[in-house]
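Dear colleague,

I am passing on a structure that will be new to you, together with some notes on what was found in it. Please open it first and keep it beside you as you read on.

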Amino acid sequence: MMNGPFDLIVIGGGVNGAGIARDAQGRGARVLLLEARDLASGTSSASTKLVHGGLRYLEYYEFALVREALGEREVLWGIAPHIVRPLRFVLPWMKHLRPRWMLRLGLFLYDHIGGRKRLPDADTLRLDRHPAGVPLKPGFAWGFEYSDGWVDDARLVALNALDAAERGAEVRTRTPVTAARRARENGDDLWVVETADGTFRGRALVNAAGPGADAVAQLTGEELPYKLRLVRGSHIVVPKLFDHPYAYIFQLPDTRICFAIPYERDFTLIGTTDADHHGSLTEVHASAEEIAYLCEAVNRYFVKQVTPADVVWSYAGVRPLADDGSGKPEAATRGYRLPLSDPADGAPLLTVEGGKITSYRHLSEEAVDELAKRLPALSGPAWTAHSALPGGDFPIDGQPALIARLRADYPFLSEVDATRIIRAYGTRAARWLGAAKGWDDLGRSFGAGLSEAEIRYLTKVEWARSAEDVLWRRSKLGLHMSEAERAGVEAFLS
Ligand SMILES: Cc1cc2nc3c(=O)[nH]c(=O)nc-3n(C[C@H](O)[C@H](O)[C@H](O)COP(=O)(O)OP(=O)(O)OC[C@H]3O[C@@H](n4cnc5c(N)ncnc54)[C@H](O)[C@@H]3O)c2cc1C
């Protein structure tokens, strides 16, 4: 362990904390990232997993926000082409809801305000002649299609933390911060941060605790500069409702929208809801009403009907939104604020309020730019827009070639296994596959293609500790396993 204070201590290993830690470490600071539980165990593994501008935020005139997020789609695809990929959305047109001219105008703006280079244009669609029309109820003759992106949100966090660590940052998971205070020691203004693992000192502090930012502000004896609005969103996963690669965006009569997305090969992911959240931040679940609402939402569109009994998995997360005084939770801004403490208060404190997975890199860059005004160690230029995340150092259209090469190197892997592995580890797959000639060489098999070698890699390199870390965050293999198989992983890791 190093001597002397860190330059920067970041509280919160969600996408924003990990992104800021990576950016700051790469600009020359010595960074400590402290996460109370597992990386991405908060909101950052509970998103809809879209790298998107947010078509519906155009309705709230959030042009600057949409423009920034649209621009980030291709940036993130470029730096992480293993875990990010383009996704084509189909929007069936429904009489009595938004008029066709409005949707056309919205999609025209969506196509043109965000600096799109590689993603294909939006288009109108005859649903009676398109594969996406097949699973829909009769009567949907017209629709639109447009481009956005998909990301493995939890892996995005782990890979940002990994890159930060490989550049020299110290990353500590399962290390809740219990207190933090400013001090002046040997002529330096510092933050003194207490955890069960010990006391750490830093020249600056970032509160990136997401929905927990208010509680962390209280630990520092400060108030949040702006109020947070906590809005819960739930998702359900059901056996697949369609067999093509398009995702759907459905308009609902209450003016909300709902996504139905091809998920993990065998499933459909449906979400999300928006409800003000007041309860625990560590035990956040989809309520029975939310599950019923989501079933009802897709049942308006698909021939195949779903009931809560079909739900194989559900998850919920709490959006930490910068409170802009909006009435409905879905109308609250998805923008962010990065207030920095007054120099007269002593060592700097920057707080992250709001944001999206999509804008995490840009947010991190802005946060580090702000901190650089007060922290001389942050001397380097912005760098994250063009620097690949671990395993992402291959061309954005290079996934098929990488999968084919992996299968040539490891002929015992099926197409399904190889695709899953490349979409998780990219060019780093061989780091745990090693010189294996068959499954037996990878140690014990736990089911669904999970081997002892992969678990050992995840615990050694990616901070995984529990079965939940491995089965529901570093991967989603839990979905493909029986209860007995999941119990096997649990027993192995405990
Ligand atoms: C339902 C839903 C759907 C969404 N869909 C999308 C989407 O499709 N696309 C998109 O771009 N965005 C989406 N978002 C938004 C996005 O998920 C969030 O903005 C983002 O994940 C917030 O990340 P964060 O790092 O700020 O917070 P978090 O991920 O919550 O991270 C904060 C971390 O701080 C830790 N922490 C808290 N207190 C302490 C402490 N005392 N000590 C140490 N650590 C602490 C927590 O354990 C947690 O891991 C969605 C959000 C929700 C809820």
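How many salt bridges does the structure hold? The structure, which is a predicted model, holds 40 salt bridges.

In one of them, the side chains of Asp-163 and Arg-167 meet at 2.8 Å, taken from N to O; Asp-163 is buried, with a relative accessible area of 6%, whereas Arg-167 counts as partly exposed at 36%.

In another, Asp-197 and Arg-172 are joined by a salt bridge of 3.2 Å, again from N to O. Asp-197 sits in the loop between strand S9 (188-195) and strand S10 (198-207), while Arg-172 belongs to strand S7 (residues 170-172), so this pair ties together parts that are 25 residues apart in sequence. Here Asp-197 counts as partly exposed, at 48% relative accessibility, and Arg-172 counts as buried, at 18%, because the cut-off for buried is under 20% relative accessible area.

The remaining pair is that of Arg-473 and Glu-468, whose closest N and O atoms are 3.3 Å apart. Arg-473 counts as buried, with 8% relative accessibility, and Glu-468 is partly exposed, with a relative accessible area of 45%. Both residues also belong to a network of salt bridges that links Asp-38, Arg-155, Arg-174, Glu-462, Glu-468, Asp-469, Arg-473 and Arg-474.

The next topic is how some of the helices meet. Helix H8 (residues 399-409) and helix H9 (residues 415-425) have axes that come within 9 Å and cross at roughly 120 degrees, and the two helices are therefore oblique to each other. The crossing in which H8 passes H9 is right-handed. On the H8 side the residues in contact are Gln-399, Leu-402, Ile-403, Leu-406 and Arg-407, and they meet Glu-415, Ala-418, Thr-419, Ile-421, Ile-422 and Arg-423 of H9.

A second pair consists of helix H11 (residues 452-461) and helix H13 (residues 483-493), whose axes come within 12 Å and cross at roughly 50 degrees, which makes H11 oblique to H13. The crossing of H11 and H13 is right-handed. H11 contributes Glu-452, Ile-455, Arg-456 and Thr-459 to the contact, and H13 contributes Val-489, Phe-492 and Leu-493. In the contact of H11 with H13, four of the residues are nonpolar, one is polar and two are charged.

Ala-29 lies in the loop between helix H1 (15-26) and strand S2 (31-34), and Ala-29 is buried, with a relative accessible area of 1%. Which residues is Ala-29 in contact with, leaving aside its neighbours within four places in sequence? They are Asp-7, Ala-24, Ala-377 and Leu-378.

With kind regards

Note on methods: Residues numbered from 1 in each chain as written. Predicted model: local features only at pLDDT ≥ 70, side-chain atom pairs only at ≥ 80, totals over all residues. Heavy atoms only, no water. Axes fitted to C-alpha atoms, helices over the stretch in contact; angles between N-to-C directions. Helix = DSSP H or I, 4+ residues; strand = E, 2+ residues; numbered from the N terminus. Parallel < 35°, antiparallel > 145°, perpendicular 65-115°, else oblique. Left-handed = near helix turned anticlockwise from the far one by under 90°. Contact = heavy atoms within 4.5 Å. Buried < 20%, exposed > 50% of the residue type's maximum accessible area, 1.4 Å probe, protein only. Salt bridge = Lys/Arg side-chain N within 4 Å of Asp/Glu carboxyl O. Nonpolar A, V, L, I, M, F, W, Y, C, P; charged D, E, K, R; others polar.
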